[in-house]
Amino acid sequence: MKVTPEHNERIAKMIFASVYPHYVNKVEKKGRTKEELQQVIKWLTGFDDKKLQKLVNEKATFESFFEQADLHPNAHLIKGVICGYRIEEIDNDLTRKVRYLDKLIDELARGRKIEKILREEKK
């Protein structure tokens, strides 16, 4: 699937707070916790619970959300297909970051172990 400029623009303007409850619902329906979800988001973005809540309250767009994020150096290890798109082939930086988040949440909901989701490189 080819990511279009219109698709990228739509994702950039999407409000994180409008999607966050769906993330929570998705993982909780599969027996995972909101705390695990926040742990995954913190790993990817560097946001603690307080900062995450502030962004939700501010109704930050995904563009603003990821502008403020300190993306984990191992985020590039997130690969695969999510929402019909192969992550490593997405050329728009913001869209790729949003799909990183989607992929991590999907893995959490599917029961993958936190250690695997957080993609810590082997030493």
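Contact here means heavy atoms within 4.5 Å, and helices (H or I, at least four residues) and strands (E, at least two) are DSSP runs, numbered from the N terminus. This is a predicted model, in which local features need pLDDT of at least 70, side-chain atom pairs count only at pLDDT 80 or more, and totals for chains, interfaces and linings use all residues. Residues are numbered from 1 along each chain as its sequence is written, and side-chain values use heavy atoms, with hydrogens and water left out.

**View 1. Confidence along the protein chain.** Let's start with pLDDT, the predictor's confidence in each residue, from 0 to 100. The protein chain averages 94, and 97% of the residues score at least 70. Where pLDDT is low, the predicted coordinates should not be read in detail.

View 2. Helix H1 covers residues 5–13, and His7, Asn8, Ile11 and Ala12 are its buried members (buried means under 20% relative accessible area, exposed over 50%, partly exposed in between, with a 1.4 Å probe and protein chains only). Looking down the axis of H1, you will find these buried residues within an arc of 135 degrees, so they line one face of the helix; the arc is that of the directions from the helix axis to the C-beta atoms. On the other side of H1 sit Pro5, Glu6 and Arg10, which are exposed. The buried residues pack against three partners: helix H5 (62–67), strand E2 (85–86) and helix H6 (93–109).

**View 3. Histidine 7 and its contacts.** Zooming in on helix H1 brings us to histidine 7. Its relative accessibility is 9%, so histidine 7 counts as buried. Leaving aside residues up to four places away in sequence, histidine 7 touches Tyr85, Thr95 and Arg99. For a sense of scale, 28 Å separates the C-alpha atoms of histidine 7 and lysine 34, which are 27 residues apart along the chain.

**View 4. Lysine 59 in a loop.** Lysine 59 belongs to the loop between helix H4 (49–57) and H5. Although lysine 59 is not a glycine, its phi is positive, at about 55 degrees. With 55% relative accessibility, lysine 59 counts as exposed.

**View 5. Cysteine 83 between two strands.** The loop between strand E1 (81–82) and E2 holds cysteine 83. Here too is a residue that is not a glycine, yet cysteine 83 has a positive phi of about 55 degrees. Cysteine 83 counts as partly exposed because its relative accessibility is 49%.
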